[in-house]
Amino acid sequence: MIFSDRDIKKALEDKQIGISPFDENLLQPSSYDMRLMNRVLVFDNYEAAVIDVREKQDVSREVIIGDKGFVLHPGEFILGSSMEIFTFSDQMVGQINGKSSLGRLGLVIHATAGFFDPGFEGQATLEMANVSRLPIRLYAEMKIAQMMFMETKTRAEFPYGSQKLGSKYKGQMGPTASLMWKNYK
């Protein structure tokens, strides 16, 4: 079941979820608006001929979003991050969805990884792409996505971050590049 604004407030009060910093003005009827951090990771396509998922590769670099914003060109893919830090108890999950107003401009907010398991803690990495034919200017602190909250039927036996799982992104801060290569080590 998706949590309403009332459910989200109660879950915050009961420490089932955490949102830091929390701003009640960002609370929507059944989600919480997330804001874009002032840093993104851009891919340096000239650095590597191919991304080998089995090898650690530094194919991206950090860019600070200044007052003039950041221009995401058609066909480009970047990693961004929420300003907010989210925490989920062992019985709560989250799901990111893009803002419809941005989607109507051609901005995709997450390629595939929009789900947050019970036990996750950290900022949300956003897998952003411009699928329009025009550049899109992004600004730090703009509303960029929405986090929905749901409760699992039972508590997770092994929440995200459990040693058994080999979770790689618990505690991530800022846009976090792929750690897929760790699956092969």
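Modeller: Happy to! One term to begin with: buried means under 20% relative accessible area, exposed over 50%, and partly exposed in between, using a 1.4 Å probe and protein chains only. This is a predicted model, where local features need pLDDT of at least 70, side-chain atom pairs count only at pLDDT 80 or more, and totals for chains, interfaces and linings use all residues. Residues are numbered from 1 along each chain as its sequence is written, and side-chain values use heavy atoms, with hydrogens and water left out.

Colleague: Great. How many salt bridges are there?

Modeller: The count is eight, where a salt bridge is a side-chain nitrogen of Lys or Arg within 4 Å of a carboxyl oxygen of Asp or Glu.

Colleague: What does Glu-84 pair with?

Modeller: Its partner is Arg-35, at 2.7 Å from N to O. Glu-84 sits in strand β6 (residues 77–88) and Arg-35 in strand β2 (residues 32–35), so the pair ties together parts that are 49 residues apart in sequence. Strands here are DSSP runs of E with at least two residues, and helices are runs of H or I with at least four, numbered from the N terminus.

Colleague: Is Glu-84 buried or exposed?

Modeller: Glu-84 is buried, at 0% relative accessible area. Arg-35 is buried as well, at 14%.

Colleague: And which residue does Arg-155 meet?

Modeller: Arg-155 forms a salt bridge with Asp-90, 2.6 Å from N to O. Arg-155 is in the segment after β12 (143–151), while Asp-90 is in the loop between β6 and β7 (92–98), so this pair joins parts that are 65 residues apart in sequence. Arg-155 is partly exposed at 48%, and Asp-90 is partly exposed at 25%.

Colleague: What about Asp-14?

Modeller: Asp-14 bridges to Lys-10, with 2.8 Å from N to O. Asp-14 is partly exposed at 39%, and Lys-10 is too, at 45%.

Colleague: Which residues form a network?

Modeller: Salt bridges link Asp-33, Lys-99 and Lys-143 into one.

Colleague: Changing topic: which residues make the nonpolar surface patch?

Modeller: Ile-51, Val-53, Met-180 and Tyr-184 make a patch of about 360 Å². Patch residues have over 30% relative accessible area and no salt bridge; nonpolar side chains (Val, Leu, Ile, Met, Phe, Trp, Tyr) are joined within 5 Å, like charges within 9 Å. Areas come from the Shrake-Rupley method with a 1.4 Å probe, and for residues only the protein chains shown count as cover.

Colleague: Where is Ile-51?

Modeller: Ile-51 is in the loop between β3 (39–43) and β4 (60–64), and Ile-51 is exposed at 52%.
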